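Dear colleague,

Please find the structure we discussed below.

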Amino acid sequence: SKSLFEKALPSYQYLNNKSRSIYSETSLLKSSYILFKNKQYEEALPLFIRLDDLAETPSNKLSGKIGAMRCAMELKNYESGLDYAIRTLNTEKITPQQVNEAKNNKAKSLFELQRYDDAMIEFKSIYKNAKSSSGAEAQYHIAKIYFIKKDYEQVEKSINNLMSYNYSNSDWNTKGLLLMADCYVAKGADADAELMLQTIIDAKQEYVEEATQKLKEIKERKNALLNAEKNNEDLKIEFKSENTSLNFVVTLHKP
C-alpha cells in the first residue's frame, strides 16, 4: 500500500511457493504485477498463468489471461501469445480496449507464426473496424503479407490505402514507403526505389538510417553489375545484306 514494491515482492514470492491458501490469489496478482512493471517478463509469465488457473474472482482471472498474453508478446513467444489472446477474447464482459489489444496480438502472433492466410483475415477485420492507428498498423501488415506472397500489385494498393487512411501517422506512412521501396526492388524498378528512399532521407524524419542503408545496397548492387559488365563484355557483330532486307546480330559471349 506504500508502493514499496521491491520490499513487498519477497513476501509475495514466499506465499507463491507455499501450498494454496486464502492468500494465494492476491499474492499471485500482486507479484505478477510487480514483475511485469519491472519488465521481468520471464518471471512474470508463469505467475500470470497460475493466476488464470487458480483465481476465483473473474477480474483476477482476466488479469491472468491479459498478463500472460502481454508477457508472451514481449518475449516473442507467439504460440503462448496467440493462445492467451484467444482466451482473452473468449472471456465475457471485457472492455473494447481489451478486445482491441487481444485482436491485435492474435493477428501479430499469427503473422509471426507464418500463418499468413489466418493473419490476413484478422488484419483485414482490424482495418475495417478500427478508428485509430491500429488500423494503419493492420494495413501495413496486410501489405507485408502480400509482399511475402510476391503479389506486388496488391502491395502497392495496400500501401496507397495506408497513406490515405485517416488514422495513419508519419510512423506507419514511412514504414509503408520503405516497404514500397522493397517492392520496387523486387520488381526490378531500382530507379523508383531510389527515388522513394531519397524522399524519406530528404524528409529527415524517422527511419532515415534504414532508408540510407537500403539506398546504399541498391547502389552497391548496381555498381557491382556495371563492373561485371565491364570485365566481361560480349562482342556483338551486326550483319547487313546489301541485296536483301535480311539483317541480324551475332553475339559472341566471352568464356
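Predicted model: local features only at pLDDT ≥ 70, side-chain atom pairs only at ≥ 80, totals over all residues.

Residues are numbered from 1 along each chain as its sequence is written, and side-chain values use heavy atoms, with hydrogens and water left out.

Overall fold

The protein has 12 helices and two strands; helices (H or I, at least four residues) and strands (E, at least two) are DSSP runs, numbered from the N terminus. Along the sequence the order is α-α-α-α-α-α-α-α-α-α-α-α-β-β. Of its 255 residues, 37% count as buried, where buried means under 20% relative accessible area, exposed over 50% and partly exposed in between (1.4 Å probe, protein chains only). Among contacts with a separation of 6 or more, 43% join residues 24 or more positions apart; a contact means heavy atoms within 4.5 Å.

Helices H4 and H5

The axes of H4 (residues 58-74) and H5 (residues 78-89) come within 8 Å and cross at roughly 150 degrees. Axes are lines fitted to C-alpha atoms, for helices over the stretch in contact, and angles run from 0 to 180 degrees between N-to-C directions. H4 is therefore roughly antiparallel to H5 (angles under 35 degrees count as roughly parallel, over 145 as roughly antiparallel, 65 to 115 as roughly perpendicular and the rest as oblique). Their crossing is left-handed, that is, the near helix is turned anticlockwise from the far one by less than a right angle. On the H4 side the contact includes Leu62, Ile66 and Met69, and on the H5 side Tyr84, Ala85 and Arg87 are among the residues met. By class, this contact has nine nonpolar, three polar and two charged residues. Here Ala, Val, Leu, Ile, Met, Phe, Trp, Tyr, Cys and Pro count as nonpolar, Asp, Glu, Lys and Arg as charged, and the others, Gly among them, as polar.

Lysine 76 sits in the loop between H4 and H5. Its phi is positive, about 60 degrees, although lysine 76 is not a glycine. Most residues other than glycine have a negative phi. Lysine 76 is exposed, with a relative accessible area of 61%.

Helices H10 and H11

H10 (residues 170-187) and H11 (residues 190-203) pack at about 160 degrees, with their axes 7 Å apart. H10 is therefore roughly antiparallel to H11, and H10 passes H11 in a left-handed crossing. The residues in contact include Leu177, Ala181 and Tyr184 of H10, and Met196, Leu197 and Ile200 of H11. This contact has 10 nonpolar, one polar and two charged residues.

Single residues

Asparagine 104 belongs to helix H6 (residues 96-112). Asparagine 104 is buried, at 12% relative accessible area, and touches Ile126 and Ser134, not counting residues up to four places away in sequence.

Aspartate 151 lies in the loop between H8 (133-148) and H9 (152-163) and is partly exposed, at 30% relative accessible area. Aspartate 151 and cysteine 183 are 32 residues apart in sequence and 9.3 Å apart in space, C-alpha to C-alpha.

Serine 3, in the segment before helix H1 (5-16), also has a positive phi, near 65 degrees.

With kind regards
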